[in-house]
Amino acid sequence: MARENAVEITRSFNNGCKAVVHPDTDYPVKIGFARVGSPEFSCICADYSYGCICDHIIAVAIAYDWSRDVIFPSDSDWVTSGGSD
Ligand SMILES: [Zn+2]
C-alpha cells in the first residue's frame, strides 16, 4: 500500500478529525485543535497507553494538514530571528 494511502480520514471537522491508520488501527484515531489551549488526541494503541504521542496521532495530524492544504513548514520557518529586519 502506498504510504499516502495509509491514513484514511473518516470524519473531518473544522478543528479536527477522526481517521483510521491502515493497517495498524481498525478503530478511529481522534485529533482536535482548540483555538486556545492544548490539542486533544486519542488512540488506543500500546504506545499511547504509555502516555506517549504515538505514530498514529502524528500520521493523522499530518494527513489532516494535507487534507486542508496546509503548507509544510520550510527550514526558514524554524529559524528564530533575534534582530530586526
Ligand atoms: Zn496509536
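User: Which residue of S4 stands opposite Ile-31?

Analyst: Phe-41 of S4 stands opposite Ile-31. The model is a predicted one, in which local features need pLDDT of at least 70 and side-chain atom pairs count only at pLDDT 80 or more, while totals for chains, interfaces and linings use all residues. Residues are numbered from 1 along each chain as its sequence is written.

User: What makes S3 and S4 a pair of strands?

Analyst: Strands pair if DSSP finds at least two bridges between them. Three bridges join S3 to S4, and the two run antiparallel.

User: Which elements does the chain contain, and in what order do they run?

Analyst: There are two helices and four strands, in the order β-β-β-β-α-α from the N terminus. Both kinds of element are DSSP runs numbered from the N terminus: a helix is H or I over at least four residues, and a strand is E over at least two.

User: Why are S1 and S4 called edge strands?

Analyst: The four strands form an open sheet, S1-S2-S3-S4, with antiparallel pairing. Strand S1 (7-13) and strand S4 (40-42) each pair on one side only, which makes them the edges. Direction ignored, neighbouring strands are turned by 15° against each other on average; the axes behind such an angle are lines fitted to C-alpha atoms (for helices over the stretch in contact), and angles run from 0 to 180 degrees between N-to-C directions.

User: Which residues of S2 lie on its covered face, and which on its uncovered face?

Analyst: Cys-17, Ala-19 and Val-21 form the covered face of S2, whereas Gly-16, Lys-18 and Val-20 form the uncovered one. In a regular strand the side chains alternate between the two faces of the sheet.

User: What makes a set of residues a nonpolar core, and which residues form the largest one here?

Analyst: A nonpolar core is a set of buried Ala, Val, Leu, Ile, Met, Phe, Trp, Tyr and Cys residues joined through C-beta atoms within 7 Å. The largest has 12 residues, among them Val-7, Cys-17, Ile-31, Cys-54 and Tyr-64. Strand S2 (16-21), strand S3 (29-32) and helix H2 (55-67) each give two or more residues to this core, and the largest share, four residues, comes from H2. Not counting residues up to four places away in sequence, Val-7 touches Ala-19, Val-21, Ala-59, Val-60 and Ala-63, where contact means C-beta atoms, placed from the backbone, within 7 Å.

User: Why are the buried residues of H2 said to line one face?

Analyst: His-56, Ile-57, Val-60, Ala-61 and Tyr-64 are the buried residues of H2. Seen down the helix axis, they fall within an arc of 135° (taken from the directions from the axis to the C-beta atoms), so they line one face. Their cover includes S1, S2, S3 and S4.

User: What span does H2 reach, and what span is expected?

Analyst: The expected span is 1.5 Å times one less than the number of residues. H2 has 13 residues and reaches 18 Å from its first C-alpha to its last, close to the expected 18 Å.

User: What is noted about the backbone at Asp-69 and at Pro-23?

Analyst: Asp-69 has a positive phi of about 55° although it is not a glycine, and this residue comes just after H2. Pro-23, in the loop between S2 and S3, is joined to His-22 by a cis peptide bond with omega of about -5°.

Key. A residue is buried if 20 or more other C-beta atoms lie within 10 Å of its own, exposed if 12 or fewer, and partly exposed in between; C-beta atoms are placed from the backbone. Two residues are in contact if their C-beta atoms, placed from the backbone, lie within 7 Å.
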